Amino acid sequence: MENYGYTKTEGTGNQQQNNMPYRSEKKIPAALLGILVGWLALNKFYLGYTKEGIIQLVLNIVTCGVASVIPFIEGILYLFMSDKQFDDTYVYGRKSWL
């Protein structure tokens, strides 16, 4: 019977995939953006949180930059999370603030 482009995924292909460590593509860039240029809310925009990014920008303007402590702390928290936990919380779970 023909499989029409589908391949059987049982066996060695699945085992190699499970042995590889999980890596998040967005964790390090989001953390660095939060720590280095958090006052521009680039970490929020990078993760796709447009509304929260605009709120963060307005807060930074109103408080003369004092609110830039929030993305700095978020960036540090991102670094200390595991890659899986970061993706589950901020990428897939869409948790927008700390």
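F72 sits in helix 5; helices here are DSSP runs of H or I with at least four residues, strands are E runs of at least two, and both are numbered from the N terminus. You are working with a predicted model, in which local features need pLDDT of at least 70, side-chain atom pairs count only at pLDDT 80 or more, and totals for chains, interfaces and linings use all residues. Residues are numbered from 1 along each chain as its sequence is written, and side-chain values use heavy atoms, with hydrogens and water left out.

**Exercise 1.** Find out where the pLDDT is below 50.

*Solution.* Start with the average: the protein has a pLDDT of 83 (the predictor's confidence in each residue, from 0 to 100). Next, 81% of the residues score at least 70. Then look at residues 5-16, where the pLDDT is below 50. Beyond near neighbours in sequence, this stretch has one contact (heavy atoms within 4.5 Å) in the model. Where pLDDT is low, the predicted coordinates should not be read in detail.

**Exercise 2.** Decide whether F72 and Q56 are buried, partly exposed or exposed.

*Solution.* Recall the cut-offs first: buried means under 20% relative accessible area, exposed means over 50%, and partly exposed is in between (1.4 Å probe, protein chains only). F72 has a relative accessible area of 37%, so F72 is partly exposed. Now move to Q56, in helix 4 (residues 50-62). Q56 has a relative accessible area of 1%, so Q56 is buried. Leaving aside neighbours within four places in sequence, the contacts of Q56 include G38, A41, P71 and W97.

**Exercise 3.** Work out which residues make up the largest nonpolar core.

*Solution.* Such a core is a set of buried Ala, Val, Leu, Ile, Met, Phe, Trp, Tyr and Cys residues joined through side-chain atoms within 4.5 Å. Here the largest one has eight residues: A30, A31, L47, Y49, Y78, M81, F86 and Y90. Now zoom in on A31: not counting residues up to four places away in sequence, A31 touches G75, Y78 and L79.

**Exercise 4.** Name the element that gives the most to the nonpolar patch on the surface.

*Solution.* Among the patch residues are I28, L32, F72 and F80. Two or more residues come from helix 2 and from helix 5 (69-80). Helix 5 gives the most, with seven residues.

Notes: Patches are made of residues with over 30% relative accessible area and no salt bridge: like charges are joined within 9 Å, nonpolar side chains (Val, Leu, Ile, Met, Phe, Trp, Tyr) within 5 Å. Accessible areas come from the Shrake-Rupley method with a 1.4 Å probe; for residues, only the protein chains shown count as cover. A salt bridge is a side-chain nitrogen of Lys or Arg within 4 Å of a carboxyl oxygen of Asp or Glu.
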